[in-house]
Amino acid sequence: MKKFLIVLLAMFVALSCAAAEDTVTACDFETGVPAQFIQSGSAAPAVSNAVAHGGSSALHVKNRSGNNWDAVDLNAKALGIDVGVPTKISAWVWVDSEEEGTFVIAKAGGDYATLGSVTCPGREWTEITAEFNLDQPVNIRFQNLSENWNHAEYYLDDMVITVGEAPETVESTEPPLDYASDFSAGTDGWYARSAGTASVSVTDEQGLLIVGRTDTWNSPGRDFPLVTGKTYQLSVLVKQDQLDSVGFILSIAHSRDGSESYENLATCTARKGEWTLMQATYVAGRYDTHVFYVEGGHADTEFQIKDFVCTEQTLKYGKAGIPSLKDVYAEYFDFGTAVTGNEVLDADRMAFYESQFNIFTAGNEMKPDSLLNVGECIKAVRQGGDQTVVKVKFESCIPLLDWAQENGVKIHGHTLVWHSQTPEMFFHEGYSIKNPLVSREVMLARMESYIQQVLTWTNQNYPGVIVSWDVVNEAVADGSSKLRDSLWTQVVGEDFVNRAFEYARKYAAPGTLLYYNDYNSENTMKNLGIRRLLESLIAEGTVDGYGFQSHYTVNNTNMFYVKIAWKEIAKLLLKDGSPIRLRVSELDAGIAANTDANWQAQALFYDELMQLYMQYAEQLEAVQVWGTVDNLSWRADSYPLLFDAMSQPKPAFYAIVD
Ligand code: XIL
């Protein structure tokens, strides 16, 4: 009977444990590095059998360049280590140093707090343990704390990670975020982003002060529950009392699958003792965490922030019953816009854009700095690949291309070859700016490889979606008829534009229109340079048209010269005798301030432009504005677009749909 009771009791215990079972992951690194371990800084985690705690190999953290964050991180999310989940980690560490020091398990983000620590003598296996419930959604880092070990390679082995039950989550029906900082009762969820000594405290000016900074990124930060695709209005005041003036940046740190990335959203120069305002509009990307923070100054500048506001826009996009630009001009040319950042993640916003426009350009996401895969280029050469191997990646533009394909709208590609927004390493041997520039032959091979891959991938995955491309952007120098001096002219020579068009023609789907795109074509000398360049491309039969960028300022742009510029360029004939194709590729027209009088002047300006464009309707493929709403324009300070920050039509819109 007693035995039977014990069995019953044992069954009961087993059953109740099963309900709240821990997940245990053991890593002995005998067969490789599991995918949950990711590189931090310059350190490349690899398996080594130089030393081992058990078995014959261990995880080796090498290539450390002198920072304690050259380390290895554990992708917390991948193991179910979320906020509030009880977690235990134990591991053995062996540091390749003759000196003693401190090794830690720490948060790889947020406040970078230490979760577990151990003092180890050098070159001896020492056990380190940590037991914690994360209070911020961050990865876990295994790193040295002692600075004398910043270059020391180290090994980890026989790691056991025990993850408990996640706390119950309640389905939230949160109202839209409407946050205003309030430091009357404490730091209000703000903390110091720092791996060192920085800390925050409330001041008697109702501000939050950061002291003990040792790096410019040490900053007051706070986690915000942003919703992908939603638009947020941000503002904050910043003040410092140490220097005559200091630059500050309002930034966001976001992470996806454990890897953190950053965007700068606004900047200001704060004069000594003056509360200075920064404002921005941010469309939330597809990330797991979002931390707003204020950084800048010198590494040790102390400063305060206050009145931080983050409000979700709950507006309804557009306005019911207004005419549609694409319909108004349907008989004459396409009407389009540029979409950039995370705008495409908001279906309502995109539905509004689609109601107005039928052709779209990626504002940044198809430029060389988005599509070149720098890390993979370097890796391929290191692994013995030849210098001309170019690696590309397409994550940045897939959301817009998917959306265009699903909705049957056209894309104009921007841009294959440009001196700007192109990583400098592209022009150097081994893809390292420490090495000399490559030869003309290697650069041409890289150019061809890049153009081939971008055009082939887009044709295969999005057939018919990209109807035209800016093959080369801004090659002519300002105020001159010569080519701009750039790495392209230095490495390849004056014919780099011709070669780019040759390759683009070779790999573009038949019928794709190929454009040369530039600005300030109303400058007489530059206009001459643009025409000479177009003529040389026409002679080779590789170009279809010219794109007038058209970034104007209402009170400075002389319409007389704009008209002459159009007349001169429109006269050019292609090799087959037909008139050159034209497009307005990046139209915006800035004003000094948001006043009624300026809005009226802007409306007249847009109206005059449209009248000019109508004269060339036969040759004109498309008119595209460079953005739709003023607050998301690259020139947001000059309110240059057709819709205001609330996405309502401005007088300029009505002027051109009449
Ligand atoms: C601009 C983008 O709009 C910005 O977001 C980016 O920071 C810089 O580039 N001429 C061009 C465009 O051909 O690619 C530029 O776009 C604006 C000037």
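The model I am reading is a predicted one. I placed Asn75 in the loop that runs between strand S5 (71–74) and strand S6 (86–95). Leaving out residues up to four places away in sequence, I listed what Asn75 touches: Gln36, Ile38, Asn139, Asp257 and Gly258.

**Confidence**

I checked pLDDT before going on. The protein has a mean of 94, and 96% of its residues reach 70 or more. Residues 1–19 stay under 50. For that stretch I found 1 contact beyond four places in sequence.

**Ser521**

I then looked up Ser521, in the loop between strand S27 (513–518) and helix H10 (524–539). Is Ser521 buried or exposed? Ser521 counts as buried, because its relative accessibility is 3%. Not counting residues up to four places away in sequence, Ser521 touches Asn527, Ile530, Tyr546, Phe548, Ala565 and Ile569.

**Gln611**

Gln611 sits in helix H12, which covers residues 596–615. I put Gln611 down as partly exposed because its relative accessibility is 47%, and the exposed class needs over 50%. I also looked up the pair Gln611 and Ile656, which are 45 residues apart along the chain. Their C-alpha atoms are separated by 8.9 Å.

**Ligand**

Next I listed the residues around the ligand. They are Asn364, Lys367, His414, Trp418, Gln421, Asn473, Glu474, Gln549, His551, Glu586, Trp626 and Trp634. Sorted by class, this shell has 3 nonpolar, 6 polar and 3 charged residues.

I went through polar atom pairs between side chains and the ligand. For Asn473, I noted a polar side-chain atom 2.9 Å from an oxygen atom of the ligand. For Glu586, an N or O atom in the side chain is 2.8 Å from an oxygen atom of the ligand. I then took the cover: on its own the ligand has 420 Å² of accessible area, and the protein covers 77% of that.

Note on methods. Residues numbered from 1 in each chain as written. Predicted model: local features only at pLDDT ≥ 70, side-chain atom pairs only at ≥ 80, totals over all residues. Heavy atoms only, no water. Near = heavy atom within 4 Å. Polar contact = N/O pair within 3.5 Å; in protein donor to acceptor, adjacent residues only side chain to side chain. Areas by Shrake-Rupley, 256 points an atom, 1.4 Å probe, with all protein chains shown as cover. Nonpolar A, V, L, I, M, F, W, Y, C, P; charged D, E, K, R; others polar. pLDDT = per-residue confidence, 0-100. Contact = heavy atoms within 4.5 Å. Helix = DSSP H or I, 4+ residues; strand = E, 2+ residues; numbered from the N terminus. Buried < 20%, exposed > 50% of the residue type's maximum accessible area, 1.4 Å probe, protein only.
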